[in-house]
Amino acid sequence: MHRLHLNAHHGTPGIIVLPEGGYRRARAEITAWPGYAPTPLHRLEMPGVAGLWWKDESQRFGLRSFKALGGAYAVQKLLAQELARRGTAPHADAAALESGRYAHATEQITVTCATDGNHGRSVAWGAQRFGCRCVIFVHENVSQGRREAIARFGAEVREVPGNYDDSVRAAQRAADENGWFVISDTSYPGYTEPPRDVMQGYRVMAEEALSQMPAPPSHVFVPGGVGGVAAAVSVQLRKQAPGARLIVVEPEAAACLLASAEAGAPTTVTGELDTIMAGLACGEPSLLAWQELERGAFAFMAVPDSAVPAAMRALKARGVEAGESAVAGWIALESLLAAPEEAARLGLGPDSRVLAFGTEGATDPELYARLTAA
Ligand SMILES: Cc1ncc(COP(=O)(O)O)c(C=O)c1O
């Protein structure tokens, strides 16, 4: 069974977390990267609503998740800024960095972050492409397959005890001690710029999806980890589909955004955060993301791990590759449609046009094969 919390502060005015100028730059850079192409939007049958459109991130830049858009872009931006600050190059763009022209300078720079898989893969990919060193911190529960995928991009992977939030602190400590640069997907007091760039990158996915829809969605489901992607979608909805209702979906064991909404302030969920939805195993909301979601989200939901394998199989049967974290929205939608009173609280019914973000594919192929085996 799910938990549902309607956001009493939905629609209230607030600060601008992701300024348009920053997004224009992010969009221009990312859409110029070699191999860029919008990912597909599938129309799927879902009895009980007018239509379900599934934004399929399973093949994004070959990294198999939308996270390719965020971390790698923040690495590029940081390197360009550092080269300008050091007087090496005033405006190094992606092509210049990838050409190796400034390798003598970028090789001296190390970027770092914590990850439960996908963000670290994106940062490592960016570091390899743009020519800097990279050290990625993982916690004990990050699968071997996900670690190897990061190491394949030439990054050093270091395991630290504890959960995701502990690995965030370990990355920050190592950066402080060694003069490295943290490229985190989560923000906290005193640390906001790279996560803002990461979120601006995610908006490319949201803009693509909203442009691909035949008509604006009435309801949008997005998975929630620290809230970064949900906030990016929220900002883009305000621009492209202001009437849509955003529903943020988290695993039961790590529902820090739902807890924050209930408390009316950013709230940490502690413990092991043990969930099969590895990308969503975050106990501390991102400060910036929360500033957007506290007024942008229409509702917050938590769904159980037990529903994940069946949801992955259901999507596979429809020809869609969706990893463990990607199916949160599917589970939430099915579970609401089975509870008509709750669906009615969201105005969800036969006229609804639903957009769901399938944020990853088989990012751990072995686990994907196991969970989707009949
Ligand atoms: C596949 C996938 N979906 C969703 C999320 C949630 O993103 P955020 O932490 O920005 O809320 C993540 C985070 O790692 C992820 O890997």
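1. Strand S10 (residues 299–303) is largely enclosed by the rest of the structure, because 5 of its 5 residues are buried. Buried here means under 20% relative accessible area, with a 1.4 Å probe and protein chains only; strands are DSSP runs of E of at least two residues, numbered from the N terminus. Ala299, Met301 and Val303 point one way from S10, while Phe300 and Ala302 point the other way, and all are buried.

2. A word on the source: this is a predicted model, in which local features need pLDDT of at least 70 and side-chain atom pairs count only at pLDDT 80 or more, whereas totals for chains, interfaces and linings use all residues. Residues are numbered from 1 along each chain as its sequence is written, and side-chain values use heavy atoms, with hydrogens and water left out.

3. Now for the partners of S10. Strand S1 (residues 3–6) runs antiparallel to S10 and is joined to it by 4 bridges, with Leu6 opposite Ala299. Strand S9 (residues 245–251) runs parallel to S10, with 5 bridges between them; here Pro251 has Val303 as its bridge partner. Two strands count as paired if DSSP finds at least two bridges between them.

4. Stepping back, you will find an open sheet of 7 strands with mixed pairing, in the order S1-S10-S9-S8-S11-S3-S2. Its edge strands are S1 and S2 (41–44), each pairing on one side only. Neighbouring strands are turned by 20° against each other on average, direction ignored; the axes are lines fitted to C-alpha atoms. Elsewhere in the sheet, strand S3 (residues 51–56) and strand S11 (residues 353–358) run parallel and share 6 bridges, and Leu52 has Val354 in S11 as its bridge partner.

5. The chain is divided into domain 1 (3–66 + 195–372) and domain 2 (71–184), with bounds from an automatic or database domain assignment. Their C-alpha centres lie 25 Å apart.

6. The interface between the domains deserves a look too. In contact (heavy atoms within 4.5 Å) are 29 residues of domain 1 and 27 residues of domain 2. The two domains bury about 2300 Å² between them, 50% of it on carbon and sulfur atoms; this is the accessible area (1.4 Å probe) lost on putting the two parts together, summed over both. In domain 1, Trp33, Leu63 and Asp197 lose the most area to domain 2, together 29% of what that side buries.

7. Finally, 3 salt bridges are counted between domain 1 and domain 2, each a side-chain nitrogen of Lys or Arg within 4 Å of a carboxyl oxygen of Asp or Glu. Arg146 forms a salt bridge with Glu324, and the closest N and O atoms are 2.9 Å apart.

Notes. Buried < 20%, exposed > 50% of the residue type's maximum accessible area, 1.4 Å probe, protein only. Axes fitted to C-alpha atoms, helices over the stretch in contact; angles between N-to-C directions.
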